[in-house]
Amino acid sequence: MSADRTIAWGEVEAAPGEFAAGMVKVAELSHRGPILMPVMIVNGARPGPCLWLNGAVHGDELNGPMAIRNLLPKLDPQKMAGAVIATPISNPLAFQARQKNTPQDGLDMDMQFPGDPNGTLSQRLAHQLFEQIRRLATHLVDFHTLGTHYDALPYTVFKRLPSASAEVCDQAERLARVFGGTAHCRVDLGGSLNELPGNVAGFLDVQCLKHGIPAFMTELGSGGHIQPDMVSFGERGIASILHELGIWPEAPDAAPQARSITITRRRFLYADHGGLVVDSAPSGSVVKRGELVCRIVDMFGTVQEIRAEQDMYIIASRKNPPVDTGDRVAFVGLEWQEDEEQHG
């Protein structure tokens with residue numbers, strides 16, 4: 001940000017009180033064609049925090065980008081104290097390929113932060129993006145969805161990180177709860193995790209926390225298609241955070257009060273046999289110990305019944321039935337508590 005509070009990245013530039021949108025060149029293809037990342041800047045007339053909204057680091061995650069593109073043009077920068085910067089499609093190559101990972105190097109870009117200016121394409125994209133976030137952002141929301149094979153209600157994920165200050169982690173949790181969701185997952189990275197393979201330290205929100213930027217992930221429904229109810233939920237969540245941070249003067253209309261929980265331990269359930277998943281417990285439900293989570297069938301009968309080894313909260317259930325041995329059939333919470341304070 002310049003001395004006069006003008007915000008610029010490449011050719012996209014917004015002075016105080018202005019809205020700007022455009023494409024920033026971040027790399028080149030083999031035929032020398034540019035790889036462009038869309039950028040939106042709403043720069044308030046008065047100074048204040050800078051909220052960064054990031055979407056589609058996985059190319060099949062569409063609800064967050066749609067929420068961003070719907071809401072930001074409605075903001076009047078003359079009414080704002082602070083700024084909003086958005087990269088709604090932060091991995092344009094994965095987006096173009098309609099898949100999670102960058103096709104050129106096969107990497108999950110969300111495991112590459114803070115990036116490497118001399119690395120593979122995903123690492124270079126992560127580096128360019130994070131350099132701007134570190135330079136400008138005071139807070140960040142990272143928009144995700146579940147994979148295309150799963151169904152889920154909206155929820156948030158915030159991390160407790162030993163190498164980050166407790167105050168920054170607390171702020172991230174507060175913003176996640178303001179954003180809203182049916183569940184809020186508190187993930188302690190100081191403990192033993194076996195939820196996801198890969199470089200957890202390379203997540204965008206983790207690197208933000210390490211650099212003093214309160215950040216959390218929101219999971220808005222399923223990938224691969226646009227879900228209008230999830231898009232609307234995302235728009236309202238952004239508006240709630242803007243009001244909470246004092247960037248935008250008006251609070252959104254109150255949402256219907258709904259039960260939310262805080263989950264402190266999670267795991268995936270896997271198929272032991274190939275077949276088709278049927279009779280899945282719905283997302284947002286609680287399955288008691290011994291009750292059926294789902295069945296796997298083939299053309300001749302049932303090959304596996306998956307039952308709860310303990311009480312489980314169904315974070316996500318499988319909606320695409322065919323599975324091989326080792327495929328995920330559900331994502332469940334193992335420890336949780338009812339939230340006393342309701343946000344949103």
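**View 1. R32 and E28 pair up in a salt bridge, with their closest N and O atoms 2.7 Å apart.** A salt bridge here is a side-chain nitrogen of Lys or Arg within 4 Å of a carboxyl oxygen of Asp or Glu. R32 counts as exposed, at 59% relative accessibility, and E28 as partly exposed, at 34%. For those labels, buried is under 20% relative accessible area, exposed is over 50% and partly exposed is in between (1.4 Å probe, protein chains only). Keep in mind that this is a predicted model, where local features need pLDDT of at least 70, side-chain atom pairs count only at pLDDT 80 or more, and totals for chains, interfaces and linings use all residues. Residues are numbered from 1 along each chain as its sequence is written, and side-chain values use heavy atoms, with hydrogens and water left out.

**View 2. D205 and K159 form a salt bridge, the closest N and O atoms being 2.5 Å apart.** D205 sits in helix α5 (residues 204-210) and K159 in strand β9 (residues 155-160), so this pair ties together parts that are 46 residues apart in sequence. Helices (H or I, at least four residues) and strands (E, at least two) are DSSP runs, numbered from the N terminus. Both partners, D205 and K159, are buried.

**View 3. R160 and D170 meet in a salt bridge, with 2.8 Å between the closest N and O atoms.** D170 belongs to helix α4 (residues 166-179) and R160 to strand β9, so the pair ties together parts that are 10 residues apart in sequence. D170 is partly exposed, with a relative accessible area of 42%. Zoom out a bit and there's a network of salt bridges linking R160, D170, E173, R177, R186 and D339. Across the whole structure, a search turns up 19 salt bridges.

**View 4. T264 lies in strand β12 (residues 261-270).** With 40% relative accessibility, T264 counts as partly exposed. Setting aside neighbours within four places in sequence, T264 is in contact (heavy atoms within 4.5 Å) with R186 and E335. The C-alpha atoms of T264 and G333 are 7.6 Å apart, although 69 residues separate the two along the chain.

**View 5. Helix α3 (residues 121-136) has 16 residues.** From first C-alpha to last, α3 reaches 23 Å, close to the 22 Å expected at 1.5 Å a residue; that expected span is 1.5 Å times one less than the number of residues. Buried residues in α3 include L121, L125, L129 and L136.
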